[in-house]
Every structure is written in C-alpha cells, then in structure tokens.
Amino acid sequence: MNGATPNTPSLSGDLDRTSVERAIAELRMGRPVLLESGEERALVQSAEDLGREQAERLDAVSVRQGRLVLPAARLKRLGLERPHDGWIGLPSLDVRRIATLAFSMDARLDGPVRPAGRFDQAALELARLALSLPAVVVMPLSEGFGIDGTVLRVSTGAVEGYRAARARDLKIVGRAPVPLEDAAETEFVVFRGGEGLRDQVAVIVGAPDLTQPVTVRLHSACLTGDLFGSLKCDCGDQLRFSVRWMAEHGGGILLYLDQEGRGNGIANKIRAYRLQAEGYDTYDADEMLGFGPDQRRFDFAAEMLRQLGVTRVNLITNNPDKIAALRNSGLELVSHQRAPARTTAENARYLASKRDRAGHLLGFAAAASGPPADG
C-alpha cells in the first residue's frame, strides 16, 4: 500500500490498521477504495455517494459485472426475509436503479439475490465503519488490470480484524478535573480508539473504591438528547441520573461512548428520525435504512474499565445487551440496576418499542398513559 519493503520499518505503524483507517476516510469523502483478497480485487463505492459521473468512471475500469451489496435488514424491506446479507447483479451502473434498491422506502426487488461472501461482507463492514448507509457497489477487476496510485488499497483481512484490534490498542491521551453541576468532584479521561477514528471518554465521578465493585454506566453519545434535551428519547435523563446517583453513592465511572444512533452515526440517526416522523418506530426506521436493531459493540468499553483499574462492576443500564457484554468481557458483573427516565408524549412510543422489541428493562405498563418510566 505504501511502497515499503518487508525490511523497511513503517512510519505509519500497523499497516493493516492504517489501511483501514485511510479507507474509512476515503469512503466518507465519497471516493472508492480497492479491496483485495488473494487474487480477487474490486473497487468498492458507497452507494449513497454514487453519482452519474462516478458511475461512468467505475464502469470504464471494471472488466466484469458489478454488484450491489445490501444487508439483510434492507433486503427484508425489499421483500426478501433472510438472515444473511446478499447482492444483486448490476449489468450496468444505473444510478437510479441503485438508489431505488438501496434507499427508496417503497422499492421492491427487481432481480435475483445471491448470498454475500467474505469479500462482500468486508465491503459492507467498511461502509458501517465509515458511518455511511450500509449499501455498497462492488466492481470487480481482472488480476492484471491497473489502477492509478490515487486509489487506496485495503485487504479483506485487515477490515475483518479492525474492530478487535482497535479495542485492544486503546490508550489514554488526556485527563483533567471537570466539575459538573451535579458532581463537583469529577475527572474526564479521554481514550483514543475503540470505534473508527473516534475518541471515547471516561467520566470518573468522585473517588470510587477500586477494591470494591464500581458503579458503571456505558452511555452511548446522543447529541439530540444529551445536549439539546430532545423529548424523543430518554438518553439525557439517564445520563444525568447516573452522574447524580454516582455522586451521592460513593462515586462511579460513566463511559461516554461515541456510538450515536445505536452505532449508526448522527446522519443516519437523523434519517431515521425523519422516518419516525412519518409513523415508523425506531427499529423499523433503522431497518428501512439497512441497519439491524443495534450496531454497537462494547468490547472496547470493557478495555477502558480495565485500564482504569476496574475489575468488578455494578452496572446502571436498562439494556440487556450491555449486561451480556459486561458478563462476557472478563470483568465481574456483580449487579445491575435501572436508569430512570421520564415518559413523555413524544417518547412514549420509543420507550415502548425498546421494551417490547429489544427487551429493555423499562418499568412502565402503558406507553401512552402509564406512570413515568423507572427504568
């Protein structure tokens, strides 16, 4: 990728990791990357950034029929319910057809769907890491076909191992006291790594005793709820409750994780909000965009806690997936408790969907008219 010989030290560190991070940046800028696996090579382009001029350029360099790779969630919305991702053949790069299949809310399948292989899965994973909509155009190249040096190369193996590698190489890059309204004795510790090219924050409230189980919350960032007080969700309430509770009960650690929109990113979260405004619930809206119920992983959160000296945890959460993730992380999960939030006219359906479809531990009986959620 960078011209270095096997005996030449790389100035960029781990070459696989570096290639994936650069590929993420390329896809986010709307440019294709060259994905390689053995003798198989193909240009991968995010479908949401495919315009007519780019389609013509890709058509000109590809020697075989391309394909549109879609996740199982999107295929379900197109009329094919199956547990696996798949691809649809593209005799030509018809931009309108691709956009319809990938993004139109009332589209239906117009051709056969074949199972996605390892190569296609890696292409979709790159789109997810780039926080693009999960739909990619794959244009195969022959073994001897040349591509100019401006196109970045990345291997399927590097993509497949990227998330786990980033979870392992987290490091603290800054820390300082930051007094808060409800917790004057608080320290912010910033980690680099975890997901994509983002930073993660541990908020240490008070002085938790690390020889005892530490109260912990894994809190995924929510710009609309945490900062602006959106009435559509319960995130801000849970955030502020957790900090107050820790300050009043011997301290704790809140991990503020850059996982906006259940890991889909802020742009896709707002796209989902638009669909919710049209009547879809939060999970159906994500499915229409091609996302499963939850894209988040929490392995790197456990590594953050380990680096802070935490071995036993009392978890504040309503989410059974977070409970399972901590149990499987190697840390000892001693107990868990709910994070209260208000039920409002604006978030009642959202809370009911989380309770009924994802098993969240929300203690209210009727979404529209019950008492405030105590979970």
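Trainee: What's the relative accessible area of arginine 31?
Mentor: Arginine 31 comes out at 39%, so it counts as partly exposed (buried is under 20% relative accessible area, exposed is over 50%, and partly exposed lies in between, with a 1.4 Å probe and protein chains only). This is a predicted model, where local features need pLDDT of at least 70 and side-chain atom pairs pLDDT 80 or more, while totals for chains, interfaces and linings use all residues. Residues are numbered from 1 along each chain as its sequence is written, and side-chain values use heavy atoms, without hydrogens and water.

Trainee: Which residue forms a salt bridge with arginine 31?
Mentor: That's glutamate 26, with 3.0 Å between the closest N and O atoms (a salt bridge is a side-chain nitrogen of Lys or Arg within 4 Å of a carboxyl oxygen of Asp or Glu). Glutamate 26 is buried, at 15% relative accessibility.

Trainee: And how many salt bridges does the structure hold?
Mentor: There are 30 of them.

Trainee: What about arginine 128, which residue is its salt-bridge partner?
Mentor: Aspartate 85, with the closest N and O atoms 3.9 Å apart.

Trainee: Are arginine 128 and aspartate 85 buried or exposed?
Mentor: Both arginine 128 and aspartate 85 are buried.

Trainee: Which residues do salt bridges with shared partners join into one network?
Mentor: Lys76, Arg77, Glu81, Asp281, Asp284, Glu287 and Arg357 are linked that way.
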